[in-house]
Amino acid sequence: MTSAASHSPSLTAAQRRAVEHVDGAALVLAGPGSGKTRVITQRIARLISIGVPAWQILALTFTNKAAGEMRARVDAAVPKDVQGRRGLVVSTFHTFAATVLRHHAERAGLKPGFVIFDTADQRDCMKRAIADAGMPGRWTPAGALSEVSRLKNALKSPEDAVAAGDFRGRAIARLYEGYQRELAANNAVDFDDLFMMLAAMLRRDESLRREFTERFRYVLVDEYQDTNHAQFVIVRLIAEHGNVMVVGDPDQSIYGWRGADLRNILEFEQAFPGAVVIPLGENFRSTAHIVAAADGLIRHNRRRRHKDLSTSLGDGAMPVVLRCIDEHHEADEVVRRLRDCERTGIAWRGMAVLYRINALSRVLEDALRRDGIPYQVVRGTAFFDRREVKDALAYLRVVANAADAVSLRRIINVPARGLGETSVERLEAAAKARGMPVTEILASAGLIGLTARAAKSAAQFGDLLRRWRELASKAEAAALPDLVAAVLEESGLRTLVTAQTAEEIDGEDRAANLVELENAATDFIQERFAQGDILDASDRARAEALASGEVPPRTALDALRAWLESVALVADADALDPERGAVTLMTLHAAKGLEYPVVAMVGLEEGVLPHARALENPEEAEEERRLCFVGMTRAERTLIMAHSATRLVHGMRNACIESRFLRELPVDHVERVDLAGDAIGSIGFDDGGGPRGRGRRADEGERVFRVGSDDWYGRGGGAGTAGSRGGRQGARAAALRPGLGAGATLAGMAVGTMVRHPIFGIGRVQELLPRAGAPSVRVAFNEAGVKTLVIAYAKLEVLRR
DNA sequence: CCAGTCGCTATTTTT
DNA sequence: TAGCGACTGG
């Protein structure tokens, strides 16, 4: 994350303008590698040095990592004799919003102790909302949630959605309403609520707004291209005075699916009239061919704000486009090249492998492990996604928030306490009827129709919960780890998990994960909680009140809530450890803001990048192109861009088309290496067997078909390639699978596959004809007789066999 | 109530 | 492939 520019002693004229900007609005358009982080931190340091009290400065980022780095660098930049770094708020948007809501819970319409629901919890709530509304089938929880999210990011209530109201809109509004009801019943908010509620509160409550406007005289927003409408409104309300500097790059906007609104940056000057615009186009990171290639790619986007990119570094090597046989070959080849780089003296930590989807990491991990190369996969939430860790957290969340029925449901019978589905439903029904949380009703379970045994068990469990809650509210904050330990012990979770660990022979050490969780609690108390939250630390009056004992010291319950909140807001990128001497593997999204001497991008195929689900409209396709641009511009000197002729997707081997983005690269700045040879696609549908040997080539008795990629590219309706054994399964799955890229349906075919032709109708494949350049099939049609068809041209649709 | 099995489906990215 | 939900038998 260290910018190359940070090592150069002086600022460019443009950078200086940005650093020296004081009052009024400014938009810094910071191209990749333009020294953005440096500009931001130096500007903060400078504001402080010219006498602006640090507590009047608010800097917002999107990840904890970025916030941490910014804090550290401001620290380093502010002269030590200046006392005044105190109270500076550098926070993620999410943490900032959550903290404000916690401080003003009642004003926001929340009960203290509210929790932030993660994606799984959200799905749970939505599932119930769908069931309650009596409309299952039509809606998947994920689909409904993304609609609701869209509305929330645009600050639309269910009523607004109705008003917009066609049939579909009304259905969504109903689910939205039901979903909100579920959240409220659990005393929970989702990620989007953080902003929606904060924006609403700031709008509604003038005194609060004034408090913020007067406190934060200087507002700074990093990665501004990623802000959504709600966040924009928050920034505008706080920065009513107009002293706001936003820094971003529309070409690196990759969070549209999360509601990021490109208009925020494209129309900044309208929102803040008189704003100064400072373009930073000079790239201090990458050598010239890399910059030229990336620039050539991004120019294909229409909706952008062009800025010239330039670099003063030398030409360097051209990006290499690798064409591989399949994902194993691709991984081996990338690893081989990384090894070559290492031999030339580049440390492992200076290398990264980037991919569009997490699923692609596995093959790479295998290849790296086999070669004994150290690597780290950047996935911040991975630890908290483990079953035993989620269970432990669910217990703690119930302690922190008695209304959390979603978490309670998760752990009420883990370990088994004889409280199955039926008992839980009875408990929930009774709780609902009395308007009480389920946890409160456990003690009187005998009165509501549970069997005697279940009632006894429920009462015991209720006792446990009460004890923990009492412990939490009486103990001091430092006792948080003891509380966690007590819960793990007394719930029986530790015993259960230890037993499971012993049973699984080569499974991972689940018990150790629980210990790890306890350590995390200890760390949190010692490192983060001790400093108070972002508003505490900066609010002198409060700090003094705390010191003098006027305000009661915080309890383990407060600590627990704060910890759970921080856990809910970890980002994948937060897991990155740049110090580790290891190759870094991560998604393109996680790679934003980082840089490495050597970068390899894999899976550059239609359907992967651009992703098949992101091709429904041109705007999404442009976002995919930006994603590719972000990946390329992470590279300082060496850039490898690999794609494969076939790839295993959902256990099925598919032929693949080279990504359109590779074709858009300016030919003068790219070197192409075709490792798949003349025999292009190696098609074999027998996959799903054990691990493949390394360096796999098309010589394992598989049929080798040529798939003229020129013919495939951008063409609609072309059907797939042929298969050998196992074709039945392949054909079926391919026919049912949503297309990998518009029109280019890559179906598997075998003798016997049923196909449909737009003119000839339905027929059965009789023979596969692997003719070089024009793989064909002979099909016996029911009506039209036997025809020989070139797969790439005939609009064949593969049917169920 | 629970464990096991079968079959279906697969939003990709993340706070 | 894998994870989840529905179903079944003990």
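Before I start: two strands pair if DSSP finds at least two bridges between them, and helices (H or I, at least four residues) and strands (E, at least two) are DSSP runs numbered from the N terminus.

I note that this is a predicted model, where local features need pLDDT of at least 70, side-chain atom pairs count only at pLDDT 80 or more, and totals for chains, interfaces and linings use all residues. Residues are numbered from 1 along each chain as its sequence is written, chains are lettered from A and ligands numbered from 1 in the order written, and side-chain values use heavy atoms, leaving out hydrogens and water.

**The sheet.** I looked up β1 (residues 26–30) and found four bridges to β7 (residues 244–248), the two running parallel. Leu27 has Val246 of β7 as its bridge partner. Next I took the whole sheet: six strands, open, parallel, in the order β3-β2-β6-β7-β1-β8. β3 (89–92) and β8 (276–280) each have a single partner strand, so one side of each lacks a neighbour in the sheet.

I counted a residue as near if one of its heavy atoms lies within 4 Å. That way 28 residues surround DNA strand B, with Ala142, Ser146, Arg356, Asn358 and Ala571 the closest.

Then I checked single atom pairs. Trp257 has a polar side-chain atom 2.8 Å from a base oxygen of DNA strand B. Asn358 puts a polar side-chain atom 2.7 Å from a phosphate oxygen of DNA strand B.

Definitions and conventions: A polar contact is a pair of N or O atoms within 3.5 Å; within protein, one must be able to donate a hydrogen and the other to accept it, and residues adjacent in sequence count only if both atoms are side-chain atoms.
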